[in-house]
Amino acid sequence: GNSDTVTNTSSSTVLDISGTSASISGTGTTITLEGGSSATLFGSSLHVSASKGATVTLAASSSTLSSSDTIAATISGNQDAVTLADGSTITETGTNETVKLARGGILLQQFASATITGANDRISQGTGTTATINGVSDIVDIFGAGNITTVGGATVTLEAGSSETLHGNNN
């Protein structure tokens, strides 16, 4: 259905979401989002997979999100591992995130931190962000102050009023 709320208390539960605006809370839950579905996920140690066109808000910590299709994701938990298909988009507000993505868009919002692996990504960094970028031909746009970026072989742009500590070569 749409706009459903589910609270799971068993770590062995498997949920399949096909509606929109679902709100799921759990620990150790396995969740599948079908194509075109949307959900906000809370808790910890969630195992999430999403199909083409799904929209995921992962507000859980120590969780995994994966998709072999293009999706949109917002990651606001901490210490999550995200592996998405080429062309997906991510808005990141959490810390110590691990992201694997190619030819995608990643927005690191205020004080977010991530290790990003993949080629040809477009990465935007807001104020106080930390990014370690392992890829080739990435484009990094810095639009906030107090950022730390480790990257090699990327195009890096500092917008007016931004500040950056940049580590790496061939940028």
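**Strands, core and loops**

Strand β12 (residues 97-100) and β14 run parallel and are joined by four bridges, and within this pair Val 99 stands opposite Ile 116 of β14. The model is a predicted one, in which local features need pLDDT of at least 70 and side-chain atom pairs count only at pLDDT 80 or more, whereas totals for chains, interfaces and linings use all residues. Residues are numbered from 1 along each chain as its sequence is written, and side-chain values use heavy atoms, with hydrogens and water left out. The strands named here are DSSP runs of E with at least two residues, numbered from the N terminus, and two strands are taken to pair if DSSP finds at least two bridges between them.

The pair β12 and β14 belongs to an open sheet of 10 strands with parallel pairing, in the order β2-β4-β6-β8-β10-β12-β14-β16-β18-β20. Its edge strands are β2 (14-17) and β20 (164-167), each of which pairs on one side only. Neighbouring strands of this sheet are turned by 15° against each other on average, direction ignored, where the axes are lines fitted to C-alpha atoms and angles, as defined, run from 0 to 180 degrees between N-to-C directions. Strands of a sheet pair through backbone hydrogen bonds, either parallel or antiparallel.

A nonpolar core is a set of buried Ala, Val, Leu, Ile, Met, Phe, Trp, Tyr and Cys residues joined through side-chain atoms within 4.5 Å. The largest such core has 36 residues, of which Ile 31, Leu 33, Leu 41, Leu 58 and Leu 65 touch the most other members. Strand β7 (residues 55-61) gives the most to this core, with three residues. Leu 41, when residues up to four places away in sequence are not counted, touches residues that include Ile 24, Ile 31, Leu 33, Val 56 and Leu 58; contact here means heavy atoms within 4.5 Å.

The loop between β4 (30-33) and β5 (38-44) holds Ser 37 as well as Gly 36. Are these residues buried or exposed, or in between? Ser 37 counts as buried because its relative accessible area is 1%, while Gly 36, at 47%, is partly exposed; buried means under 20% relative accessible area, exposed over 50%, and partly exposed in between, for a 1.4 Å probe and protein chains only. Leaving aside neighbours within four places in sequence, Ser 37 is in contact with Ile 17, Ser 18, Gly 19, Gly 53, Ala 54 and Thr 55, and Gly 36 with Thr 20, Lys 52, Gly 53 and Ala 54.

Further along, Ala 119 lies in the loop between β14 and β15, where its contacts beyond four places in sequence are Leu 101, Ala 102, Arg 103, Val 136 and Asp 138. Two other loop residues deserve a look at the backbone. Gln 79, in the loop between β9 (72-75) and β10 (81-83), is a residue other than glycine with a positive phi near 60°. Phe 111, in the loop between β13 (105-108) and β14 (113-117), is not a glycine either, and its phi is positive at about 65°.
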